[in-house]
Amino acid sequence: MNSTKKIDSAALIQAAIDNQKHSYAPYSNYNVSAAVLMDSGKIYSGTNVENASYPVGICAERNAISHAVACGERKIIAIAIVGGANYTHNDFCAPCGMCRQFIREFGNPKEITVIFAKSVTEFKEMSLEELLPESFGPASLKQ
């Protein structure tokens, strides 16, 4: 996927798995965690946080990326996502459309690796370009 930086998929997936326990999903009981690897080499994590007013909640991917951005980061290398009912991760959990667009803001879709995992040994890797073809991004706004 990403030829410019070496990605330790297992470490990124494990960071997401380890963080899943912090998910706040009292309404859906579907707990999601994401770990994002930034260009600096640092990993930031986030979980889904639901709210009684459903639209106010935030997905794990946007939470992790927002955490990274709040710490001064701007370029995503890879993101790993795990999720499932009641803190399991028995199914592949791909990012929703809104999260795909959010990921797109912080890098070239050809260079961002998206990993959805059940475990450190059972996972899928795709480029963001494969998940969000013909995307709209920052360059689209340049005149």
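I started with Lys118 and Phe92: the charged end of Lys118 sits over the ring of Phe92, 4.8 Å from its centre. My rule for that was NZ of Lys or CZ of Arg within 6 Å of the ring centre and within 35 degrees of the ring normal.

A note on the source: this is a predicted model, where local features need pLDDT of at least 70, side-chain atom pairs count only at pLDDT 80 or more, and totals for chains, interfaces and linings use all residues. Residues are numbered from 1 along each chain as its sequence is written, and side-chain values use heavy atoms, with hydrogens and water left out.

Next I looked up the strands (DSSP runs of E, at least two residues, numbered from the N terminus). I found β4 (residues 113–117) and β5 (residues 123–127) paired antiparallel over five bridges; pairing takes at least two DSSP bridges. Ile115 has Glu125 in β5 as its bridge partner, and a hairpin of five residues joins β4 to β5.

Then I checked Val49, which I found in the loop between β2 (43–47) and α2 (60–70). Val49 is partly exposed at 32% relative accessible area; I took buried as under 20%, exposed as over 50% and partly exposed as in between, using a 1.4 Å probe and protein chains only.

Why did I list Arg104 as buried? Because its relative accessible area is 12%. I also noted that the C-alpha atoms of Arg104 and Tyr87 are separated by 27 Å, with the two residues 17 apart along the chain.

Methods. Helices (H or I, at least four residues) and strands (E, at least two) are DSSP runs, numbered from the N terminus.
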